[in-house]
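Subject: Structure handover

Hello,

I am passing this structure on to you. Please open it alongside this email and read the notes below it.

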Amino acid sequence: MAKKGYHGKILWINLTDKTSQEEVINDEVYELFIGGYGLAAKIIYDRQKPGLSRFDPDNILAVMSGLLTNGRAAFNGRWILAGKSPLTGTWGDSNCGGDFAPAIKNAGYDGIFIVGKSQKPVYIVLNDKKVVFEDASHLWQKVDAVDTEEKLKQVHGADYKVICIGSSGENLSLISGVVNAKGRLAGRSGFGALMGSKNLKALCVKGTHLVEVHNADKVWKHTTDLLTDLVNNLNDFGKTMKNCGTAGTLTDSAESGDSPVKNWVGVGSKDFPPEVADKINAFEVTKYEREKYACYGCPFGCGGICEVPGKKLLKETHRPEYETLCGFGVQLLNDDVESIFMVNELCNRAGLDTISCATTVNWAFEAYEQKFIDSKTTGGLKLEWGNNETVVKLVEQMANNEGFGAMLKDGLREALIHLNLEDKAFTAMHVHGQELPMHDSRNKEGGLGLGVGYETEPTPGRHTSTFAGIDDYLEKEKKELALHSKVLNKFYQKLKFQPKYNLSYQSTDSEMGTSLKNASCGEDIINAMGLCNFGFYLGPLVPFVDWINATTGWDNSLDDYLLVGQRIKTIRHAFNLRENIDVPKIRMPERARGNPAMKDGPNAYSPNVLMWDDAKKAYFAAMEWDPETSIPLKATLDKLNLQEVKKEIYG
Ligand code: SF4
């Protein structure tokens, strides 16, 4: 067995004729695309016809491990879904912790590519390269995702790892995800619906094909050094994460302007002041915690299993993450923590993406307040801010595809069509179909990078696409993203507004573009390695270059890997161009761009408002794409060795 950390093999499964086939992938492809969604992007770009409708059986659903999965690096347990998103029609991907990633590799593969459509509901059992298709009709529309995992383990053995869909995927809800570890979701991009459209309920996977790495001692040495560093030099974010996961960031985010409030029209400090936000803060959430846990391959462990007394459904439930607490708490002015636990569990069992679900629910509350819809439309539900009982009922309806919830279960873009409210699109907080997460692009602290990411990332609306920490590796001075103070001062003079922002540093467009490029390409490398983002935020530098080299035997530099990131980003972007998507025209709603300007709170008169378009052009230029059209330049495609893309674009 070659000692390189990966198998060099993928598995194709065709649900139409119930066949499977192994394919060997050249080493060169791994060196160019690494693994994870990098490898998936290469395979899908080459094999999938453009223009397929959202549920065409020819759509490929890739289920990937990362290059470092099952090796000796830390944080290596993310599994990744990739394909054409049924929600946005763009390239889509989504990743998740839990315990499924190593099972893919143990089964003998780096990724599983699923095509076709079964006539009847099935699930797949993959054990050491042997594939069996099993009838799933006793589970379909009958058993939720958490119980499905339990039942399948009872039948096939507890050593199987399971991913599956719940009612939302079966109902083809465009905001549904795929569930693992009894309630962790690969939530974004709507892949639950793609799996549901294929009549595929679950994948159960195990095996004994261990991967060997090139120099295990060296990988382990870097890992143990990192672990020591984590003990000694954990930053404040790391300490918070260790104690209470992302829930720990809630109160600060609510007050700093990072959390949107009331569908992006409210102000945290005014509408949901600290004394109220504290009712759902980390302490209030973790007091229900029974035990802590870590995803596979993670030495850190930010997860928590909780129990809410007196609630049968909440006897064993995941601690809600920041996105859920903000979306169903701060945003909705809901200070009832148990209702947020309930909504979280309902979403996890149905397989609903809590981000998209919360953003859609918030829109409905504003629509009710503004009288775009009334009680007749909502079936009597009173969508009043802070009404936690209504929130729970509405999410239940969305999960079960009933009542007013059936109008919302496909997310905002479809809801506007169902309700004949397309003229109210300015209130619908989505980008190209994907609902915005709980991080405000108008915020001075990193909001500009977030907003540019929401609009330019091949999977639109993603808050993890601008991994600013990559600049640390380049040993550049850490600077705030560029502020064009000359233009801004004029703007503020006109408004007679005294900004509190630090305008002392002005970067050039090129510096701003490079910073955005590094952030964005860094994220593609992380997703190709199969590592957890949080590992990179905890203080110590993660030795990923050494890990990859010692795992594979390659001898590449940080710059080489940044080039890999640029290559992966470019091929994902090219997928969208080939789908005839005019990327520069993808825009957040004007409200998220700061038009009209907020007059109160930390995001008042956001400086970002004047910079979006320049920042996007600077980013495209830094990516060596045409700054106006975003089409990758010929020379760029030559440099990145993307001849297949060059042929597609230039003939
Ligand atoms: S840091 Fe948290 S989310 Fe990331 S791998 Fe570890 S336990 Fe999972």
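What follows is a short account of a sheet, a helix pair and a few single residues.

This is a predicted model, in which local features need pLDDT of at least 70 and side-chain atom pairs count only at pLDDT 80 or more, while totals for chains, interfaces and linings use all residues. Residues are numbered from 1 along each chain as its sequence is written, and side-chain values use heavy atoms, with hydrogens and water left out.

The sheet

Six strands make up an open sheet with mixed pairing, in the order β8-β7-β12-β9-β10-β11. Strands here are DSSP runs of E with at least two residues, helices are runs of H or I with at least four, and both are numbered from the N terminus. Two strands pair if DSSP finds at least two bridges between them. The edges are β8 (130–135) and β11 (184–186); each has a single partner strand, so one side of each is left without a neighbour in the sheet. On average, neighbouring strands are turned by 20° against each other, direction ignored.

Within the sheet, β7 (residues 122–127) and β12 (residues 200–206) run parallel and are joined by six bridges. V122 stands opposite L200 in β12. Helix α4 (residues 145–156) packs on the sheet, where it touches β7, β8, β9 (161–164), β10 (178–180) and β12. Contact means heavy atoms within 4.5 Å.

The helix pair

The axes of α25 (residues 558–578) and α29 (residues 643–650) come within 11 Å and cross at roughly 25°. Axes are lines fitted to C-alpha atoms, for helices over the stretch in contact, and angles run from 0 to 180 degrees between N-to-C directions. That makes α25 roughly parallel to α29, a term for angles under 35 degrees. On α25 the contact is made by I571, A574, L577 and R578, and on α29 by E644, V645, E648 and I649.

Single residues

E289 is found in strand β13 (residues 289–293). The side chains of E289 and K292 are joined by a polar contact of 2.6 Å; such a contact is a pair of N or O atoms within 3.5 Å, one able to donate a hydrogen and the other to accept it within protein, and residues adjacent in sequence count only if both atoms are side-chain atoms.

Most residues other than glycine have a negative phi, and most peptide bonds are trans. The peptide bond from N595 to P596 is cis, with omega near 0°. F75 has a positive phi, near 60°.

Regards

Note on methods:
Parallel < 35°, antiparallel > 145°, perpendicular 65-115°, else oblique.
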